[in-house]
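This report is an introduction for someone meeting the structure for the first time. Please look through the sequence and the model below before reading on.

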Amino acid sequence: MFFLIGLQFVFAQEPVSIHLTEKDGLPDIEFYDVLEDSKGFIWLASDSGFYRYDGKTYIQYTNKEKRGLSVFGLVEDSLGRIWCTNISGQFFYIENNKLNTFIDLQEALKGQLASFTVHENYLLINGHYAVYSTDLTTKKVTKIISSEAGLSNVVTFNNTVTFVGFDKTIIFNKHLEKTRQFKNNIHIKTKLGKSTLQGATHVFKINNSFFITQQFNNENIFKKIDFDTQEINETKGLENLKEKRIISITIFNDNLWVLTYTGIYVFENNQNKFHFKKHILKDEIVTKVIIDKDENYWATTLTNGIYLIPNIAVVNYALPKDINDITAINKVNDSILFFGTKKGKVGFFNINTARYSTSKQLKSKVSAIQYNTHKKYSYVSTDKESYIVDNNTLKTTRKSNLQGVKSFSRIDKNTLLFGTYIQLTFLNEVTNLFNKYSNTKRVYTTHCSSANKLIYVAYVDGLVVLDSQLKATNITFDGKEISATSITETKDGTIWIGTFKNGILAIKNNKVVAQYTTENGLLSNETRYLKGDKNQLWVATSKGLQVLNTASKIFKSLTKTEGILSYKISGIEILQNRVVLSSNKGIFSFDKNNVFKTIYPPKIYFNDIKINEKSVEIGTNYHLDYNQNSIQFGFNVNGILYNQNKTYQYRLLGYDNNWVTTDLGVNHIKYNSLPAGNYTFQIKPNQESIIKNIALTIQLPFWKQWWFVMVYSLLLVGFIMFYYNRKLRRKEKSKQREIKQLFFDKELTALKLENLRSQMNPHFVFNALNSIQDYIISNQKDLAGDYLGKFADLIRTYLAQSTKSSITLEEEINSLNMYLELEKLRFEDTLEYTLEVHIKNTETIGIPTMLIQPYIENALKHGLFHKKDNRKLFISMTRISKDSLQCIVEDNGVGRKKSNEINKKRAENHKSFALKATTERLDLLNYGSENKIGVHIIDILDNDKNVLGTRVLLKIPILKVSP
């Protein structure tokens with residue numbers, strides 16, 4: 001009936017894929033191999049080097065020994081090490097995040113790129129004419145097979161190693177001991193003995209059967225090897241690969257994937273018979289395909305980067321650009337769809353043959369369509385006009401009564417209901433009469449239930465249901481009007497309402513009996529399209545496609561991570577087991593029984609910890625100083641699609657216990673200036689329960705820690721106690737000093753009086769008065785008066801000085817001159833004295849009172865007195881420093897020893913208190929003084945040790961002159 005008239009087109013159908021190129025951050029576009037390791041990292045072997053991808057960033061691995069950039073043949077061993085090789089014969093492995101050179105076989109391989117595998121403790125290397133085993137521990141290389149005919153491949157299977165060549169098949173045990181061998185005889189030569197081999201040889205195994213393929217005379221020949229019968233037979237079903245240039249062969253779920261220079265050919269295998277299934281990436285040179293832990297397919301190409309197929313079950317129909325924005329679809333039968341586009345075209349599309357045909361361009365966007373199974377024409381409405389379309393020719397005819405239709409619904413064979421932006425109308429297709437039910441309300445969508453003969457109409461201001469008599473009943477929810485976007489029905493008679501922002505409502509008997517929102521499994525409360533499928537409900541939301549099992553009330557979800565091309569779904573139709581969706585990116589479909597992948601909880605891990613902007617070794621517990629309080633946590637879930645479409649939740653217990661959701665693409669969280677305390681950073685994939693933790697302890701500054709506070713408090717208390725105790729001691733000492741000073745002052749006064757007494761002792765006074773008397777008797781009145789005047793002046797001077805603590809040096813010299821003149825008279829002119837002063841400005845220099853005279857008196861009394869004649873006394877004063885002067889009192893008397901002997905003969909009650917008082921007074925004067933008075937008495941001796949006299953060296957501090 002369809003595609004009999006008009007233009008017909010065929011378009012490609014491919015799995016929905018994501019094309020990764022350099023603009024997406026891919027480090028190269030020329031790739032030779034891809035591998036997912038046991039930790040979920042993707043490893044890439046490319047022309048520019050060896051890379052690891054974590055879903056976010058690419059890290060390149062190299063070392064100094066590596067020759068060239070390109071690497072090939074990725075393998076993971078049982079220890080988790082990733083192996084690769086290069087064309088120079090070097091073999092490498094990754095361990096502890098470092099590329100290590102294992103062995104260099106450049107000489108043995110002679111520039112041939114060798115395939116290899118890791119088996120038990122051996123690296124098995126398949127060269128052009130030999131197979132080598134290399135012990136992984138000792139690195140000892142052993143040639144275990146050689147063949148002049150050329151080698152093909154090595155396959156490990158059930159703890160055995162099987163070598164399949166053109167001339168023979170050899171089987172080894174896990175210790176590489178040969179256990180079996182038989183001839184193949186598939187090596188083809190010309191009559192002249194020349195080999196016809198071309199290209200690489202490939203060996204693969206399906207269902208315990210081995211197959212080998214090789215190109216002979218530019219044609220690929222596939223053969224099955226029966227190990228039991230040792231027969232080799234040609235394989236059927238792969239004929240369309242005869243002239244293809246094969247790069248590699250991979251087995252997925254017992255399906256054969258042949259990678260060629262013209263894409264991937266997929267074959268089903270049924271009892272070792274192959275049947276073509278599909279052709280993928282037709283324009284690409286595909287070098288390797290893998291399936292990762294999330295069931296994503298990675299296909300590397302030789303010239304165009306990488307294709308990521310998130311769901312092999314989702315098929316995209318690559319419509320031309322002018323019709324790829326689909327606004328509506330209707331099911332015609334189990335293989336054909338009727339569709340309308342944003343550009344104003346309608347047409348038919350056969351999903352089995354990928355053929356389509358379209359009408360001419362209409363004036364505006366198609367807003368609604370209704371395929372009519374009972375007539376030869378269907379209905380089409382645009383924003384501005386409406387049409388009827390011939391189902392065979394797609395010829396369009398304007399129909400003015402149907403413009404602006406938002407929804408068509410068929411009530412019965414001859415009655416059509418349509419709602420526009422201003423009215424709800426019934427059309428009798430037999431009489432061609434229109435019956436307006438309402439003409440004042442905008443209609444969003446309609447649905448006619450054949451099971452209960454009811455009509456559901458979603459108006460702009462609410463939802464109503466019309467019975468067979470067209471009596472309207474409002475349906476509300478929680479006392480509010482329902483704003484519906486889509487209406488459908490499941491087999492059990494439940495009416496399902498999709499809303500703008502309140503999720504999904506289930507209606508029975510004109511009452512809402514259930515609501516589904518994000519709280520009970522819905523991806524988004526904003527629903528766009530609903531489609532009943534027996535007792536399942538397909539739901540298109542703003543965040544993905546879901547199916548609800550209405551019996552179990554469990555949702556299954558499909559998002560862009562699972563291959564959904566777009567979330568702007570305009571229509572859903574069920575064609576047998578296929579679900580077909582129209583969207584702004586064309587039409588795509590999937591087998592509803594195979595589309596849902598096994599969902600494993602995403603494995604989150606920490607990939608970087610930075611403390612004060614410096615990366616540190618990743619651990620589970622950190623004890624940090626108070627100033628190590630800038631912390632950054634880096635984390636990741638391996639897999640490109642998770643990082644593109646999912647977010648994380650985190651919190652820092654001890655700082656903020658509320659979960660925070662990251663922005664899309666954010667893989668690190670940073671905290672600046674954390675206060676001291678105990679924290680636990682927690683991170684998890686959004687909406688998952690698996691949590692990763694890192695504990696932190698940030699120490700208080702030492703001046704805030706308990707031991708420091710305690711020590712500081714004790715020291716502070718001790719200091720306060722010490723301070724006040726010292727202050728009390730100082731006060732006490734000051735008081736004691738005051739008391740002592742009073743005592744000293746009293747003692748000093750007493751000593752001054754004693755000094756005065758010594759200066760006016762009875763002998764001196766008696767001698768002076770006797771001298772005066774003699775002058776009077778001898779009638780020497782002038783001399784007596786003069787002598788008496790000097791005596792009176794001296795007594796007056798002593799009495800005046802006794803009240804002072806210090807006098808000027810000039811006053812001391814004057815008083816000494818008066819004293820010596822009187823003493824010379826006493827000694828009856830047998831005394832010669834000399835007083836030399838080598839100091840200037842004696843009137844400005846102060847010295848302690850009554851200090852020098854006692855030593856002069858002592859020289860006269862104890863040194864010169866016991867001598868009969870030639871009595872000489874020498875006194876000199878010299879300034880020895882800025883603040884000191886020296887006084888020398890020297891006599892030529894009998895000396896201290898003889899003087900002591902004479903004194904011992906004197907009466908026992910005699911007390912020589914003059915010098916004693918002076919000594920005690922010096923002690924008092926020196927107390928507390930930095931510049932002390934010093935006295936040094938020296939016996940003057942000749943060469944024979946005879947005493948010639950006594951010398952007193954008196955060091956006197958210079959004082960301020962008393963006023």
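## A buried pair

Lysine 592 and aspartate 533 are both buried. The model is a predicted one, and in it the side chains of these two residues form a salt bridge, with 2.7 Å from N to O. Lysine 592 sits in the loop between strand S59 (586–591) and strand S60 (604–611), while aspartate 533 belongs to strand S53, so the pair ties together parts of the chain that are 59 residues apart in sequence.

Strand S53 (residues 527–533) also holds lysine 531. The side chain of lysine 531 meets that of glutamate 573 in a salt bridge, at 3.6 Å from N to O. Glutamate 573 is in strand S57 (residues 569–575), and this pair links distant parts of the chain, 42 residues apart. Glutamate 573 has a relative accessibility of 7% and therefore counts as buried.

## Other salt bridges

In total, the structure holds 18 salt bridges. Side chains of opposite charge can pair when their charged atoms come close. One of the bridges joins glutamate 385 to arginine 398, whose closest N and O atoms are 3.0 Å apart. Glutamate 385 lies in the loop between strand S37 (377–382) and strand S38 (386–390), and arginine 398 lies in strand S39 (residues 396–398), so the bridge ties together parts that are 13 residues apart in sequence.

Glutamate 385 counts as buried because its relative accessibility is 11%, below the 20% cut-off. Arginine 398, in contrast, is exposed, with a relative accessible area of 58%. A network of salt bridges links Lys363, Glu385 and Arg398.

## The chain as a whole

The protein chain has 9 helices and 75 strands. Its radius of gyration is 60 Å, well over the 30 Å that the globule rule gives for 963 residues, so the chain is more spread out than a compact globule. The C-alpha trace spans about 185 × 90 × 45 Å along its principal axes.

Of the 963 residues, 48% are buried. The chain exposes about 49,100 Å², and 49% of that comes from carbon and sulfur atoms. Among contacts with a separation of 6 or more, 50% are between residues 24 or more positions apart.

## Helix H6

How well does the span of helix H6 agree with its 18 residues? Helix H6 covers residues 809–826 and should span 26 Å at 1.5 Å a residue; its end C-alpha atoms are 25 Å apart, which agrees. The buried residues of H6 include Leu809, Ile813, Leu816, Leu820 and Leu825. Glu812, Ser815 and Glu823 are also among the buried residues of this helix.

## A nonpolar patch

Tyr626, Phe702, Trp703, Trp706, Trp707, Met710, Val711, Leu714 and Leu715 make a nonpolar surface patch of about 1,000 Å². One of these residues, tryptophan 703, lies in the loop between strand S68 (692–698) and helix H3 (706–759). Tryptophan 703 counts as partly exposed because its relative accessibility is 39%, a value between the 20% and 50% cut-offs.

## Isoleucine 880

Isoleucine 880 is placed in strand S72 (residues 871–881). With a relative accessible area of 45%, isoleucine 880 is partly exposed.

Which residues does isoleucine 880 contact, leaving aside its neighbours within four places in sequence? They are Leu885, Gln886 and Lys955. Isoleucine 956 is 76 residues from isoleucine 880 in sequence, and their C-alpha atoms are 9.7 Å apart in space.

Note on methods: Residues are numbered from 1 along each chain as its sequence is written. This is a predicted model: local features need pLDDT of at least 70, side-chain atom pairs count only at pLDDT 80 or more; totals for chains, interfaces and linings use all residues. Side-chain values use heavy atoms; hydrogens and water are left out. Patches are made of residues with over 30% relative accessible area and no salt bridge: like charges are joined within 9 Å, nonpolar side chains (Val, Leu, Ile, Met, Phe, Trp, Tyr) within 5 Å. Accessible areas come from the Shrake-Rupley method with a 1.4 Å probe; for residues, only the protein chains shown count as cover. A salt bridge is a side-chain nitrogen of Lys or Arg within 4 Å of a carboxyl oxygen of Asp or Glu. Helices (H or I, at least four residues) and strands (E, at least two) are DSSP runs, numbered from the N terminus. Buried means under 20% relative accessible area, exposed over 50%, partly exposed in between (1.4 Å probe, protein chains only). The radius of gyration is taken over C-alpha atoms; the globule rule is 2.2 Å times the number of residues to the power 0.38. Contact means heavy atoms within 4.5 Å. The expected span of a helix is 1.5 Å times one less than its number of residues.
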